[in-house]
Amino acid sequence: MKHRIVVLGAGYAGALAAGNPARRLSPADTGITVVNAGPDFVERMRLHQLAIGRDLTSRRLSDVFAGTGVRLRLARVTGVDPERGTVAVTGEDGDGELA
Ligand SMILES: Cc1cc2nc3c(=O)[nH]c(=O)nc-3n(C[C@H](O)[C@H](O)[C@H](O)COP(=O)(O)OP(=O)(O)OC[C@H]3O[C@@H](n4cnc5c(N)ncnc54)[C@H](O)[C@@H]3O)c2cc1C
């Protein structure tokens, strides 16, 4: 059976948690999905620059993960059920559940 990895959030931690195994594992054996609430990679440690009026160039997560095999799901995580091994999400596509 193909392994499924679901990473919640695509900040610094989530982007690495998805990107590193994507480079090491075969897509034939493993499917990696990242769920993030918004479409952009937000560099939190540069946000203070906004406060002094600088423009931050935002990067689309779809560009960050392009060509990696990581599937991006733009949605908000509303629940995690460890016993069933599922993640509940809600987004533009409506409510859903990821195994
Ligand atoms: C002004 C500032 C300066 C900083 N400077 C430094 C520094 O110099 N050095 C340093 O080491 N650290 C610094 N930090 C801390 C650093 O930014 C954080 O430690 C780091 O961003 C944490 O990464 P993360 O991936 O865990 O979370 P985040 O970067 O917060 O990413 C979380 C991601 O999860 C998504 N998310 C959240 N909830 C949900 C949900 N329910 N459903 C779907 N997606 C969701 C968010 O949209 C986001 O993309 C700074 C922080 C700030 C604010």
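What follows is a chat about a predicted model of a protein chain with a ligand.

Student: What are the ground rules for this predicted model?
Tutor: Residues are numbered from 1 along each chain as its sequence is written, and side-chain values use heavy atoms, leaving out hydrogens and water. Local features need pLDDT of at least 70 and side-chain atom pairs count only at pLDDT 80 or more, while totals for chains, interfaces and linings use all residues.

Student: What's the mean pLDDT of the protein chain?
Tutor: The mean is 95, and 100% of the residues reach 70 or more. pLDDT is the predictor's confidence in each residue, from 0 to 100.

Student: And where is confidence lowest and highest?
Tutor: Lowest in H2, at a mean of 91, and highest in strand E6 (residues 76-81), at 98. Those labels are DSSP runs numbered from the N terminus: helices (H or I) have at least four residues, strands (E) at least two.

Student: OK, the ligand. Which residues surround it?
Tutor: The shell is Gly-9, Ala-10, Gly-11, Tyr-12, Ala-13, Asn-36, Ala-37, Arg-44, Met-45, Ala-75, Arg-76 and Val-77.

Student: What does the side chain of Arg-44 do with the ligand?
Tutor: One of its N or O atoms is 2.7 Å from an oxygen atom of the ligand.

Student: How much of the ligand does the protein bury?
Tutor: Taken alone, the ligand exposes 990 Å², and the protein buries 51% of that. Accessible areas come from the Shrake-Rupley method with a 1.4 Å probe; for residues, only the protein chains shown count as cover.

Student: New topic: how many salt bridges are there?
Tutor: Four. A salt bridge is a side-chain nitrogen of Lys or Arg within 4 Å of a carboxyl oxygen of Asp or Glu.

Student: Which residues are linked in a network of them?
Tutor: Asp-81, Arg-84 and Glu-97. The closest N and O atoms are 3.9 Å apart for Asp-81 and Arg-84, and 2.9 Å apart for Arg-84 and Glu-97. Arg-84 sits in the loop between E6 and strand E7 (86-91) and Glu-97 in strand E8 (residues 94-98), so this pair ties together parts that are 13 residues apart in sequence.

Student: Is Arg-84 buried or exposed?
Tutor: Exposed, with a relative accessible area of 53%. Buried means under 20%, exposed over 50%, and partly exposed in between (1.4 Å probe, protein chains only). Glu-97, at 47%, counts as partly exposed, and Asp-81 is partly exposed at 28%.

Student: What about Glu-43, where is that?
Tutor: In the loop between E3 and H2. Glu-43 forms a salt bridge with Arg-46, with the closest N and O atoms 3.6 Å apart.

Student: Last one: which residues make the nonpolar surface patch?
Tutor: Val-42, Leu-47 and Leu-50, over about 210 Å². Patch residues have over 30% relative accessible area and no salt bridge, with like charges joined within 9 Å and nonpolar side chains (Val, Leu, Ile, Met, Phe, Trp, Tyr) within 5 Å. Val-42 is partly exposed, at 31%.

Notes:
A residue is near a molecule or strand if one of its heavy atoms lies within 4 Å of it. A polar contact is a pair of N or O atoms within 3.5 Å; within protein, one must be able to donate a hydrogen and the other to accept it, and residues adjacent in sequence count only if both atoms are side-chain atoms.
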